[in-house]
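Please walk me through this structure in a few paragraphs, with the cut-offs behind each term.

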Amino acid sequence: RSQRQAYTAGLAAVNAYAQSSKGTTFAKLSAADQDAVLTGIQQNQTTSQFFNLVRTHTIQGTFSDPFYAETKTSLAGTLSAIPERAPPFPRTCSAWT
């Protein structure tokens, strides 16, 4: 399937899920109900593929913008300064101060 078909089918599934679980379309839901619907589609085997597609495209879009080019003070630079296995407690990083 093309990306357009995946998005068309996925958005229809999100609206169908919202309608069946919350009684209205996704766009008309409160922020809390939208979060609940998104959590539901993320955990559902049928719709989780669409959720992951949108999540991946969001991440790719964020880091492909030249504004986020990797510099010491940029988002990408800050994230790349975090070790792969960060400790389970907050720590300071010179890039964050």
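How many salt bridges does a search of the whole structure find? The search finds one, where a salt bridge is a side-chain nitrogen of Lys or Arg within 4 Å of a carboxyl oxygen of Asp or Glu. The model is a predicted one, in which local features need pLDDT of at least 70 and side-chain atom pairs count only at pLDDT 80 or more, while totals for chains, interfaces and linings use all residues. Residues are numbered from 1 along each chain as its sequence is written, and side-chain values use heavy atoms, with hydrogens and water left out.

The partners are D33 and K22, whose side chains meet at 3.6 Å, N to O. D33 lies in helix α2 (residues 31-43) and K22 in helix α1, 11 residues apart; helices are DSSP runs (H or I, at least four residues), numbered from the N terminus. D33 is partly exposed, at 28% relative accessible area, and K22 is partly exposed at 36%. Here buried means under 20% relative accessible area, exposed over 50%, and partly exposed in between (1.4 Å probe, protein chains only).

Helix α2 also has a buried side, made up of V37, G40 and I41. Seen down the axis of α2, these buried residues fall within an arc of 95°, so they line one face of the helix; the arc is that of the directions from the helix axis to the C-beta atoms. The face turned away from the buried side carries the exposed residues A31, A32 and Q43.

Confidence is given as pLDDT, the predictor's confidence in each residue, from 0 to 100. The protein's mean is 76. Helix α1 (residues 3-22) has the highest confidence, at 93, and helix α4 (residues 75-80) the lowest, at a mean of 57.

Key: Helices (H or I, at least four residues) and strands (E, at least two) are DSSP runs, numbered from the N terminus.
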